[in-house]
Amino acid sequence: MTTQAITSYTARWYNRAGIWIGLGINSASITLGGNLATKLDTPALLWVIPLGALCLWMIASTAGIIGRRNRQKFVEWSTATFGVGTGAILINLSMALGMTGWAGFQMGLGGTSLANLFGIHQASWIGVLAMGILVFVLGNLEVNKWNWFVWLTTLSSLAMAIIATVIAVQLNDTVVLEPNPTTPSAVFSVITSILAFAALFSLRSTDFTWDLVSDRDVLIDATLFICVFVISITIGIMLFQATGSPDLAVALSGTPLALMAKAFLFLSLMSPALSTMVSGSLAWTGIINLKYWQATILLVGVGTLLGLIRFDQSLIFFLDWLAAIMPPAIAIMLVYGLSKQTLSKPVALTGWIAGAVIAIGVKLAGGAFHLAIGAAVGLIIIFIGNFLWKPTNADG
């Protein structure tokens with residue numbers, strides 16, 4: 001047993017850095033920057049975005065450290081928090097659906113970019129299918145074996161970001177934008193948008209930290225992620241200022257660099273697509289009795305179908321609602337993961353469900369603080385519940 005532990009936990013930060021960087025700088029995060037620019041003016045964003053990024057860094061790094069110290073991937077961590085049965089099914093279902101949605105986004109945008117690159121605009125389905133096959137084949141290799149490819153796609157993300165920056169500078173259009181007053185509601189909306197954007201990754205980061213050597217390796221990867229994430233958002237803001245549109249495809253089209261941008265756009269989506277397949281497939285194995293390779297067929301298959309119907313054009317709406325139910329789960333899982341005491345799993349599940357219901361209710365009522373309110377309700381319930389209900393061997 002000791003020999004197994006020694007030989008299993010030898011991954012270093014550079015073995016996972018490509019995944020973290022690729023998740024930080026890509027077409028989705030650049031698009032996020034453009035959307036944030038519609039909520040606040042640039043001077044306010046200069047301090048609000050770093051604040052939101054700091055909150056995200058704290059959550060992602062803490063989750064990663066919990067996974068490393070407990071040697072748990074997401075499926076194992078979620079089961080340890082919410083228990084087997086209903087709790088495990090609900091949390092893994094949330095993760096699996098979220099990852100499948102992201103797969104649809106990546107297959108649709110990446111596959112279409114691939115088809116456009118080869119001039120088959122009217123047959124974009126060919127590019128979507130090709131990307132699905134490529135992701136499936138590479139994703140069924142050991143993570144360390146396709147780390148080199150992740151680095152290739154990550155460098156492509158950086159190249160695409162540079163091209164986007166050059167295009168923004170070259171356009172230099174004077175777009176008349178509506179002023180956005182810096183209100184507490186607007187500030188909190190930007191911060192929560194940043195957290196909601198990476199809510200699922202904050203939890204699934206343990207899939208890429210459980211076998212790291214030290215906490216230092218986790219912190220290095222988390223810091224790299226946040227740095228390129230902020231850079232990516234900034235590029236999106238610049239493009240919005242130059243074009244008046246948060247749509248990345250619109251901003252990159254019609255320029256001499258458009259062809260090169262399409263190539264890098266496709267490659268840049270491969271890194272997040274591979275990590276999405278890993279986490280999503282693991283989540284599906286926690287719901288359905290499937291082997292890992294069978295779960296990859298399910299995720300990639302459904303993701304490819306979503307890509308064929310261009311689900312990427314509706315993904316933000318989908319993730320916005322999914323994110324409304326995730327903050328209570330994130331807060332509770334962090335507390336349980338850090339606690340040295342045995343805490344009740346039924347209480348954890350009750351806190352998550354109650355917090356999610358409250359968050360959805362506040363959102364439906366038009367409130368801007370639904371993420372924080374939902375998380376706060378969940379934490380209050382678990383603190384009170386664990387004080388009153390001492391867990392037994394059966395439920396703790």
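1. A crossing of two helices is right-handed if the near helix is turned clockwise from the far one by less than a right angle, and left-handed if anticlockwise. By that rule, helix 17 and helix 18 make a right-handed crossing. Keep in mind that this is a predicted model.

2. Start with the overall picture. The chain contains 18 helices and zero strands. It has 396 residues, and 52% of them count as buried. Look also at the contacts with a separation of 6 or more: 85% of these join residues 24 or more positions apart. The accessible surface of the chain is about 16800 Å². Carbon and sulfur atoms supply 70% of that surface.

3. Now the pair from the opening point. Helix 17 covers residues 345-364, and helix 18 covers residues 370-388. Their axes come within 7 Å and cross at roughly 155°. Angles over 145 degrees count as roughly antiparallel, and helix 17 and helix 18 are therefore roughly antiparallel to each other.

4. Which residues of helix 17 and helix 18 make the contact? On the helix 17 side they are Val347, Ala348, Thr350, Gly351, Ala354, Gly355, Ile358, Ala359, Val362 and Lys363. Helix 18 brings His370, Ile373, Gly374, Val377, Gly378, Ile381, Ile382, Gly385 and Asn386. By type, this contact holds 10 nonpolar residues, eight polar and one charged.

5. Helix 14 (residues 270-285) and helix 15 (residues 292-308) have axes that come within 8 Å. They cross at roughly 115°, so helix 14 is roughly perpendicular to helix 15. This crossing, of helix 14 and helix 15, is right-handed.

6. The contact between them uses Thr276, Met277, Val278, Gly280, Ser281, Leu282, Trp284 and Thr285 of helix 14. From helix 15 come Tyr292, Ala295, Thr296, Leu298, Leu299 and Val300. Nine of the residues in the contact of helix 14 with helix 15 are nonpolar, five are polar and none is charged.

7. Next, Thr81. This residue sits in helix 5 (residues 74-82). Is Thr81 buried or exposed? Its relative accessible area is 1%, so Thr81 is buried; the cut-off for buried is under 20%. Leaving aside residues up to four places away in sequence, Thr81 touches Ile332, Met333, Tyr336, Lys345 and Ala348. Ala348 also belongs to the contact of helix 17 with helix 18. Thr81 and Leu349 are 268 residues apart in sequence, yet their C-alpha atoms are 8.2 Å apart in space.

8. Ser202 is in helix 10 (residues 199-204). With a relative accessible area of 3%, Ser202 is buried. What does Ser202 touch, not counting residues up to four places away in sequence? Its partners are Leu56, Ile59 and Ala63.

9. Two arginines deserve a check of the backbone. Most residues other than glycine have a negative phi. Arg71 has a positive phi of about 55° although it is not a glycine. Its place is the loop between helix 4 (42-70) and helix 5. Arg71 has 22% relative accessibility and so counts as partly exposed.

10. Arg310 also has a positive phi, about 55°, and is not a glycine. The loop that holds Arg310 runs between helix 15 and helix 16 (315-338). Arg310 counts as partly exposed, at 24% relative accessibility.

Technical notes
Residues numbered from 1 in each chain as written. Predicted model: local features only at pLDDT ≥ 70, side-chain atom pairs only at ≥ 80, totals over all residues. Heavy atoms only, no water. Axes fitted to C-alpha atoms, helices over the stretch in contact; angles between N-to-C directions. Helix = DSSP H or I, 4+ residues; strand = E, 2+ residues; numbered from the N terminus. Parallel < 35°, antiparallel > 145°, perpendicular 65-115°, else oblique. Contact = heavy atoms within 4.5 Å. Nonpolar A, V, L, I, M, F, W, Y, C, P; charged D, E, K, R; others polar. Buried < 20%, exposed > 50% of the residue type's maximum accessible area, 1.4 Å probe, protein only. Areas by Shrake-Rupley, 256 points an atom, 1.4 Å probe, with all protein chains shown as cover.
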